[in-house]
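Welcome! Please take a moment to look over the sequence and the 3D structure, and then let us walk through them together.

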Amino acid sequence: MAHKKHEEEGGAHGGDRPWVYCMIDAFFLITQFFVLTFKVKVDEVVLPQRLPPGGTVPSKSNSLDNKKKLSIHVSRASGAAQYEFMTKQVNLQGLNDMLAGSVGGGQEYQVRVSYDAEVPFGDVLAVFNACSKVKIAECGLIPLRGAQARP
Amino acid sequence: MSMKKVEMNQVEVDMIPLIDIISLLLMFLIIVGDTAATANSIQMRLPRASEAMTDKELKEKNVRLEGRIIVQVTNKDGVYRAVVNNKSYDLVAQGSNKLLIEYLDEQVQYQIGRGLAQKDASGAVNIPVKLRIPEDAPMADVERVVMTAARVGLVNVQYAAEPTFGGRKH
């Protein structure tokens, strides 16, 4: 745009300051770049958890800690996540309620989550999230065994 | 033709307001935009977690962020792979990818060697590891990443999640 104007005017202004047109062109290009690559900054959040000793962590101190162990199994039934906690099959809301009802001080507890191989990660993170709600900071995974643990 | 040229010569376009407006637009885009983060982080749909915290909130709660290692899981043609510092690694059963273990161990030893991290008696290292895993990744692959981290003593796991606006109870 700047060049065209410059040519049409026979270089009247450009003759004085030809660099101005280059500068404006570069400026437009930079603006274009930022407009095209623009993405609103969203602060990513994280859910902090500590893997408990044993299970996924090779440790000798497994038998030494006095924490109460809770086991939760995650599976899928008709496209929805199902959680087995204390031999009861519940949905996520049910799990939240049961954890809130049965866990007093979260620091005394440790949760081990088992799952079917094809369960999506989002369903298991929902368990970690439920544990965080009741202040349980140690959540580990029980690795798949047998046929489910494909090579 | 010549008349038209004469008329065009008489028109003076004032560029200064235009440049001012574009400068303001440019400044806005630079400040609000997120070009650096998108260059390093893989685009993925993260799971939602109402209890997840921002880095600022974690600092307030004295959760360690220094020296954090970021492991991302990406799906390429239906195969999930781990990406650390733009290098891609296979996910092997039992988390036993030697290359990835060696790389993570190198990072851990470097930080321990410089006195930036400690390893306790059980082998756990206090360096945090941020796991960016898509919400639809199957657990068979996710456990491989977690086990790899656990093998080098990285037990302080921070699972990346999408923020839930208004869903969090303080």
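Helices (H or I, at least four residues) and strands (E, at least two) are taken here as DSSP runs, numbered from the N terminus. This is a predicted model, where local features need pLDDT of at least 70 and side-chain atom pairs count only at pLDDT 80 or more, while totals for chains, interfaces and linings use all residues. Residues are numbered from 1 along each chain as its sequence is written, and chains are lettered from A and ligands numbered from 1 in the order in which they are written.

Let us begin with chain B. It holds six helices and five strands, and from the N terminus on these run α-α-α-α-β-β-β-α-β-α-β. Of its 170 residues, 31% count as buried; a residue is buried if 20 or more other C-beta atoms lie within 10 Å of its own, exposed if 12 or fewer, and partly exposed in between, with C-beta atoms placed from the backbone. Two residues are in contact if their C-beta atoms, placed from the backbone, lie within 7 Å. Among contacts in chain B between residues at least 6 apart in sequence, 71% join residues at least 24 apart.

Now turn to chain A and its strand β5 (residues 109-115). Why can β5(A) be called largely enclosed by the rest of the structure? Five of its seven residues are buried, so the rest of the structure largely encloses this strand. Strands pair if DSSP finds at least two bridges between them. β5(A) pairs in the parallel sense with strand β2 (residues 68-77) of chain A over seven bridges, and A:Val74 has A:Tyr115 in β5(A) as its bridge partner. β5(A) also pairs in the parallel sense with strand β6 (residues 139-141) of chain A, over three bridges, where A:Val111 stands opposite A:Cys139. Together, β5(A), α4(A) and β6(A) make a right-handed β-α-β unit; right-handed says that, with the strands pointing away from the viewer, the path from the first strand over the helix to the second runs clockwise.

Finally, see where the chains meet: 49 residues of chain A are in contact with 47 residues of chain B. On the chain A side, the elements giving two or more residues are α2 (19-36), β1 (45-50) and α4 (121-133). Of these, α4(A) gives the most, with eight residues. The pairing of strands also crosses between the chains: β1(A) and strand β5 (residues 154-161) of chain B pair in the antiparallel sense over six bridges, and A:Gln49 has B:Val157 as its bridge partner.
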